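Trainee: I am new to this structure. Please take me through a single part of it, slowly enough that I can follow on the model.

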Amino acid sequence: MGKGPDQPSIQELEGLAEEYDTLMETKEEENEKTPSFDELIRKVSRIPGSARCVEVLVELDRILGQMPEEQRLQNCPGFLVRLRPKGMDINSLYEAMHALNVRHKVLKPPVSKFPFELDMDWARFEKDPRDCHTGLLFARINHGSALAIFEIPRDIVTRLSVLDAVMAKYATLRGKFTYCIVIQDPLDPEELQQIRSVLDKHLYTITLDIQPTDEELVGAILDGARESGASLTSESELRNQLIESLAREKEGKDFNFSTFAERATMVLLYGDLARSHAPMEAAPLPEDHIQKREEIAKTRLQGSLRKLDRLAGLADLKQKVREILMFHQWRQMAGVEDEDVGNPSLHMVFLGNPGTGKTLAARLIGEIFREAGILTQGDFHEVTRTDLVSQYIGQTEQKTLEVCNKAIGSVLFIDEAYALYSEEKGRDFGEQVINTLLPFMEEHRRDTVVILAGYTNEMLRLLSMNPGLRSRIAHTIAFADYMAEELTEIFLQQMGEALTLANPARSRLERHFERIASLTRTDSRIGNGRYARNLYERSILKMAERVVRDGIQDAERQRMLVEADIEAASQELLKGVLDPNLRIIRPIGFQGLSQESTERDNRIA
């Protein structure tokens with residue numbers, strides 16, 4: 001892969017990160033007090049099934065304490081956590097891992113006080129593992145030394161070469177990251193050994209198993225409810241009821257412990273499961289409990305709506321969501337039942353180009369509708385044609401039904417849904433998917449949101465050729481390409497309060513986005529939200545490079561983006577968009593544009 005004349009190499013980025021470390025070592029630590037390792041160990045001990053983890057961490061603490069400091073870096077431990085069931089809260093375990101390495105100076109300063117989670121795109125790394133390495137360097141500049149948490153899917157055993165390449169990059173950053181790999185899918189001993197052999201090849205890895213019994217899980221639920229003020233009578237009977245309910249629900253493929261625990265806690269606190277299937281008989285609700293529960297639900301809903309409102313643009317979507325909420329609120333106020341006035345379908349079509357916020361909006365819809373009591377689960381299930389169509393004749397219907405049944409009570413988001421359409425009637429499995437979807441959408445029009453998403457013209461063609469599908473869609477939302485003001489807003493949201501923007505830089509940013517937005521008339525793949533986020537990330541790197549190179553000591557100026565940062569980042573990023581061979585990382589959602597479009601480069605930057 002080539003690079004442009006101003007493009008920093010991997011080695012240069014590594015040097016930049018090292019120089020940044022030296023500069024930041026002189027900065028005073030934040031005043032915020034963080035829990036000690038011993039305090040965190042006490043928290044870890046409360047995680048169901050964590051007894052062995054506590055023993056291992058305490059023993060590691062002893063070993064590292066006796067080890068000469070110069071040897072600790074070579075023995076910097078990484079962790080492989082096998083977690084069952086899904087959805088358990090083990091944040092205190094992550095923090096304890098991090099505190100262990102901080103305590104024994106395994107991580108090089110500046111040290112982040114908190115671990116952070118990496119969104120690992122395994123398919124992308126399979127094409128170019130350098131993407132992972134550059135991403136880690138960027139994370140290093142933003143977070144300092146930290147515990148990097150990432151989850152690997154079970155099918156990683158079919159792509160061990162990718163895991164091998166990623167871990168090789170981690171090994172070069174020893175002392176800057178301690179990795180924690182989380183596996184929430186069941187693995188047989190052979191699969192686990194294959195993964196371990198790859199990890200051990202590069203770094204010292206410790207396996208921690210958290211697989212509590214049903215009794216331990218229920219005990220944690222009861223303890224949490226008791227601490228929240230629940231008055232538990234006949235505790236032995238309650239425990240047995242919860243164990244029976246837990247065993248039944250764990251038989252489902254999509255079981256999530258956090259969802260179960262939340263519902264069970266609501267029962268113990270308020271005698272109701274608040275919009276979900278109860279694992280025990282509901283007790284009469286005292287008036288103060290009813291009021292308190294309604295206040296909690298209202299607060300959560302308001303928080304979710306604020307997230308929606310913070311999204312740039314999307315006025316039609318925001319209005320439509322509130323229309324649906326007000327309809328359900330009216331039904332509750334007026335005491336109207338479904339059989340009296342019906343219940344409009346919740347299914348939607350999202351029309352628009354990549355990077356315009358469709359996926360994020362779908363996630364928020366699930367969250368909002370759950371808090372409003374419209375959906376029982378509110379989870380987000382994203383699929384494409386490949387997740388619905390089977391490679392074997394006669395199995396597409398079964399595969400589609402399995403996906404649909406998992407999404408009951410939640411959001412089923414079918415991206416690039418137009419790929420299900422084919423003009424060759426009877427010869428394409430996509431038609432079987434649609435024929436299977438139709439009765440499901442009709443049966444679950446009130447309790448599940450099916451969202452079909454994709455390019456506008458292609459989606460309209462799909463709907464025009466399938467009247468049955470079109471008739472089941474109640475809401476069509478167009479996601480327009482972002483205007484210049486909205487792209488600027490996205491950039492500023494990424495900055496948050498950690499950074500500032502000099503006035504000339506603000507003007508430069510606005511001019512650049514005006515030119516970008518004008519290009520969307522001829523090529524809509526450029527002016528989208530992902531471009532604004534990519535420009536922000538590239539600008540951060542340019543700022544860090546300038547601060548280190550110029551030896552800037554003033555704390556305010558160290559965190560200020562200037563016009564030169566924006567200009568350098570925009571020129572470099574546009575070269576990557578127009579000619580992907582000139583960039584280390586290609587922006588997600590972009591593909592190489594046609595040769596004719598490269599002539600526009602000089603009109604943009």
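Mentor: Start with the buried residues of α9. They are Glu191, Leu192, Ile195, Arg196, Val198, Leu199 and His202. These residues cover an arc of only 160° around the axis, so they sit on the same side of α9. The spacing fits a general rule. An α-helix has 3.6 residues a turn, so residues three or four places apart point the same way.

Keep in mind that this is a predicted model.

Now turn to the other face. Away from the buried side, α9 carries the exposed residues Pro189, Glu190, Gln193 and Lys201.

For contrast, look at two loop residues. Ser50 is in the loop between α2 (37-44) and α3 (51-66). Ser50 is buried, because its relative accessible area of 2% falls under the 20% cut-off. Leaving aside neighbours within four places in sequence, Ser50 is in contact with Val44 and Ser45.

Gly394 lies in the loop between α17 (385-388) and α18 (396-406). Gly394 is exposed, because its relative accessible area of 61% is over the 50% cut-off. The C-alpha atoms of Gly394 and Gln432 are separated by 9.4 Å. Along the chain, Gly394 and Gln432 are 38 residues apart.

Terms used
Residues numbered from 1 in each chain as written. Predicted model: local features only at pLDDT ≥ 70, side-chain atom pairs only at ≥ 80, totals over all residues. Heavy atoms only, no water. Helix = DSSP H or I, 4+ residues; strand = E, 2+ residues; numbered from the N terminus. Buried < 20%, exposed > 50% of the residue type's maximum accessible area, 1.4 Å probe, protein only. Contact = heavy atoms within 4.5 Å. Arc of directions from axis to C-beta.
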